[in-house]
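This report covers selected local features of one model. Please look over the sequence and the structure before reading on.

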Amino acid sequence: MSTNYFTQTLSSFGGLDRRVGSAPDFKLCPEMSNFKIDSLGRLKIREGLKRLNTLPEGEVPRLIWSGSNEGVNQILVSGNRKLYLLDRESNGLRELGELEAPMSSFVPFNGTVYGLNGKTMYRIGSDGSLTELDGYVPLVAVGCNYNGGGTKYENPNLLTDLRRVQFSTTPECSNYKLPELEIAEITKVVYNGEETSEFTTNYELGIANLGFTPKTGINNLEVTYRSGTASEERERVMGCTQGVIFANRLFFYGNPKDPTRLYHSSLADGIPGVDYVTETDYHVFDSEITGLVPYFNRLMIFFKDSTSYTYAELATDQLGVTYTSFPVYTVSGTKGNRLTGKACSIDGTPVTFCPDGLNKWVSTAILDERNAECFSEPVFDFMGAYLKNGEKDPRPVFSRGLERELWLCAENEVMVYNYRNGVFYSYGIEGIRSAAELDMELLLGKDDGGIYLFSEENADDDGKPIEAVITSPFLSFGTPFVAKNLDSLDVYTQNPEETEISFTLTRGNGSESHSPETVLTAEDVSGKGKASRRLKSRLCLKRFMTCAFTLRSTSPRLCISGLSLSGKLLVGKFGRLT
């Protein structure tokens, strides 16, 4: 019998691909847990978790936000019914106030953070203050005479019944008629810049009667009143659960009672704000809105099975007044986003959940045309379950911009798409309910009420070792019908400290497993420009056609830069199948 030797080496890992059952090499692996792949293609054990604090009993961290609020770095944590401030130095929690419902979206706008929860909108101050927004009081008319005739200036605000009007006074008249009849209340009168209480009201005629003789002036009398025509629009707008900033405006959507409406804020006296929405500042669609993603100077609007876009366009009305409009155009009539609130972007490209899995909306050579391309085939089984359960169990989907990772959090695991390398891998972290980036680290809120720091500084999961596992496909080494022996497996690591790794070998028919001793010898070699260690393991798997190996380790911060398998081809009467 003649004997031929073979060696197969891998120096760049290709990540998780659950479609792979058998293969000539082990670049793609059908099972992978708690390993990540860095920019050099090396296997690394993921970062660990450290518990920072725990919310009071019965509270779960539903939403976490981290960033600058009015120039102060803050970490906001929304529980079921309360809002908390997490101190990064002491990890202490400070209660900011009660909530009608848990926050569903934090939106930083012009340096200040606002919160939406489907009941109302809150302004969160840098001092920890929590206040409900009353709405900007619009100046509906200016230059009015005593009969109420003047120039229209701003539209009424759907978020409040209060309105202002300015009169140009004359000594001949002390009675000034408001521009509408149904007046519920006159709340304030300002004359020459100072508030006065010297007035009476005639609500039937809509008149403010001054108790003094005014002087001649231009827009020197301002009356604030509450309209008697009650509006239900405030409840509709405040019922929105999601907010996105686009074109210096806040776009609202996600009202469960009215899911087809899309609102946006307007300029309040020429200044962008979040608390001014007029009767012309919304669209009503035929389908439920499931996501908004800004894409350069376009805003992608996703529905369950279709997609549109809008952009800011200057228009002029019949009176010659210039305003900003947001026309809507169709992108796709067949694909959209199936999971409400989970559309996001990676490297500026929108990503949505479609029936075939995760899709990137890629630009084409035609202006405003996008192609939805599915890229989640390697984890098709995970995506199938995620699409089925995603609406029932709305766990976070978010992009880690600095690490170039897209996280899809499920109940028992996290699927990660590394869009720097174009690879998937899985983390065995359970119960993530919320997340926020904190520089190169992550803040994670879990079902147990805990707030955790996910960081490279943590070598374990709050005291528990991290077990990382990777399983190869069934390997034929290029000769699927030739029997062979496997003699050695070498692991190249970047770790100077002691490393413990165990292997399990399985024949293609699953009839026998072989567990060799861990590492027998270690020697220093050069690899990838850095000092590297080769861990040599003697194997003894005889007469197989295909085999798979499973590698396990709990060594902190393990980094594997390469693997090498060596053995013998048994060629001859008993080596080849006949």
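Ala-247 sits in the loop between β24 (242–246) and β25 (249–253), where strands are DSSP runs of E of at least two residues, numbered from the N terminus. The model is predicted, so local features need pLDDT of at least 70, side-chain atom pairs count only at pLDDT 80 or more, and totals for chains, interfaces and linings use all residues. Residues are numbered from 1 along each chain as its sequence is written, and side-chain values use heavy atoms, with hydrogens and water left out.

Phi of Ala-247 is near 55°, a positive value in a residue other than glycine. Phe-296 also has a positive phi, near 55°, and is placed in the loop between β30 (289–295) and β31 (298–303). The table lists the accessibility of these two residues (buried is under 20% relative accessible area, exposed over 50%, partly exposed in between, with a 1.4 Å probe and protein chains only).

| Residue | Phi | Relative accessible area | Class |
|---|---|---|---|
| Ala-247 | near 55° | 31% | partly exposed |
| Phe-296 | near 55° | 72% | exposed |

Strand β41 (residues 405–409) pairs with β42 in the antiparallel sense over five bridges; two strands count as paired if DSSP finds at least two bridges between them. A hairpin of four residues joins β41 to β42. On its other pairing, β42 meets strand β43 (residues 423–427), again antiparallel and over five bridges. Tyr-417 of β42 is the bridge partner of Leu-406 and stands opposite Phe-424 in β43. The hairpin of β42 and β43 has four residues between the strands, and in this hairpin Gly-422 takes a positive phi near 70°.

Why is strand β42 (residues 414–418) largely enclosed by the rest of the structure? Five of its five residues are buried. Both faces are covered: Val-414, Val-416 and Asn-418 are buried on one side, and Met-415 and Tyr-417 on the other.

**Cysteines**

A search of the whole structure finds zero disulfides, a disulfide being a pair of cysteine sulfur atoms within 2.5 Å. For Cys-409, the closest cysteine sulfur is that of Cys-344, 11 Å away and too far for a bond. Cys-409 is buried, with a relative accessible area of 1%. Cys-240 is likewise buried, at 1% relative accessibility.

**A four-stranded sheet**

An open sheet of four strands runs in the order β11-β12-β13-β14, with antiparallel pairing. Its edge strands, β11 (105–109) and β14 (130–132), each pair on one side only. Strand β12 (residues 112–116) and strand β13 (residues 121–124) pair over four bridges in the antiparallel sense, and Leu-116 stands opposite Met-121 in β13.

**The second largest pocket**

A pocket here is found on a 1 Å grid over the protein atoms alone: it is an open set of points where a 1.4 Å probe fits, with protein on both sides within 12 Å along at least five of seven lines, and its lining residues have an atom within 4 Å of a point. The second largest pocket has a volume of about 840 Å³, the volume being the space filled by probe spheres set on the points, which are joined across faces, edges and corners. Its lining has 23 residues, with Asn-155, Ser-266, Val-321, Thr-322 and Tyr-323 nearest the centre. Strand β34 (residues 322–325) gives the most to this lining, with four residues.
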